[in-house]
Amino acid sequence: MKARPFTFVAALAVVLIFTLPSCDSGLSGTYKPDGNSLYGNMITSLTFKPGWRVEVLAMGVTQEVPYEREGNKVKIMTEGKSATIFTIDDKGCLDGGEMIGKFCKN
């Protein structure tokens, strides 16, 4: 018995509908500093939102900016078109280096 082309296309569409949302490798939740940065904790929290956006709370001011993820690198964009790059460590924390510090999910 031959499968009808419509049946195959419909089955493929159902599979894609349920798997594409899980392909989003964006981050979620709030990350707080571990307290070991060189210049103190100027950034109080990083809260990742849907749509590749992150709320950065720094020195009492909250700013929502876009971010990108490439493998274990997270690039948080600024208005000046530059990016702060964090590395995701083995524990899932975001490591911004000695000056920025490490942020772990609560």
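**Colleague's note: patch, pairs and pocket**

1. Let's start with Met99: at 54% relative accessibility, this residue counts as exposed. Here buried means under 20% relative accessible area, exposed over 50%, and partly exposed in between (1.4 Å probe, protein chains only). Keep in mind that you're looking at a predicted model, where local features need pLDDT of at least 70 and side-chain atom pairs count only at pLDDT 80 or more, while totals for chains, interfaces and linings use all residues. Residues are numbered from 1 along each chain as its sequence is written, and side-chain values use heavy atoms, with hydrogens and water left out.

2. Where does Met99 sit? Look in helix α2, residues 97–100. (Helices, H or I of at least four residues, and strands, E of at least two, are DSSP runs numbered from the N terminus.) Together with Leu38 and Ile100, Met99 makes a nonpolar surface patch of about 280 Å². Such a patch takes residues with over 30% relative accessible area and no salt bridge, joining nonpolar side chains (Val, Leu, Ile, Met, Phe, Trp, Tyr) within 5 Å and like charges within 9 Å; the areas are Shrake-Rupley values with a 1.4 Å probe, and for residues only the protein chains shown count as cover.

3. On to the charged pairs. Side chains of opposite charge can pair when their charged atoms come close. With a salt bridge taken as a side-chain nitrogen of Lys or Arg within 4 Å of a carboxyl oxygen of Asp or Glu, the count here is four. One of them joins Glu55 to Lys49, with the closest N and O atoms 3.9 Å apart. Glu55 is partly exposed at 27% relative accessible area, and Lys49 is partly exposed too, at 30%.

4. Arg53 and Glu64 make another salt bridge, with 3.2 Å between the closest N and O atoms. Arg53 is in strand β3 (residues 53–58) and Glu64 in strand β4 (residues 61–70), so this pair ties together parts that are 11 residues apart in sequence. Arg53 is partly exposed at 29% relative accessibility, and Glu64 is partly exposed at 41%.

5. Asp89 and Lys102 also meet in a salt bridge, at 3.1 Å from N to O. Asp89 belongs to the loop between β6 (83–88) and β7 (94–95), and Lys102 to strand β8 (residues 102–105), so parts 13 residues apart in sequence are tied together. Lys102 is partly exposed, at 27% relative accessibility.

6. How far is the C-alpha atom of Gly92 from that of Lys105? The separation is 7.7 Å, for residues 13 apart along the chain. Lys105 is in strand β8 and is partly exposed at 45%. The C-alpha atoms of Lys105 and Thr47 are 9.2 Å apart, although 58 residues separate them along the chain.

7. Finally, the largest pocket holds about 460 Å³ of space. Of its 23 lining residues, the closest to the centre are Met42, Ile43, Val56, Ala58 and Thr84. (A pocket is an open set of points, on a 1 Å grid over the protein atoms alone, where a 1.4 Å probe fits, with protein on both sides within 12 Å along at least five of seven lines; lining residues have an atom within 4 Å of a point.) Which strand gives the largest share of the lining? That's β4, with four residues. Elements supplying at least two residues each include β2 (43–49), β5 (73–77) and α2.

Key
Grid points are joined across faces, edges and corners, and a volume is the space filled by probe spheres set on the points.
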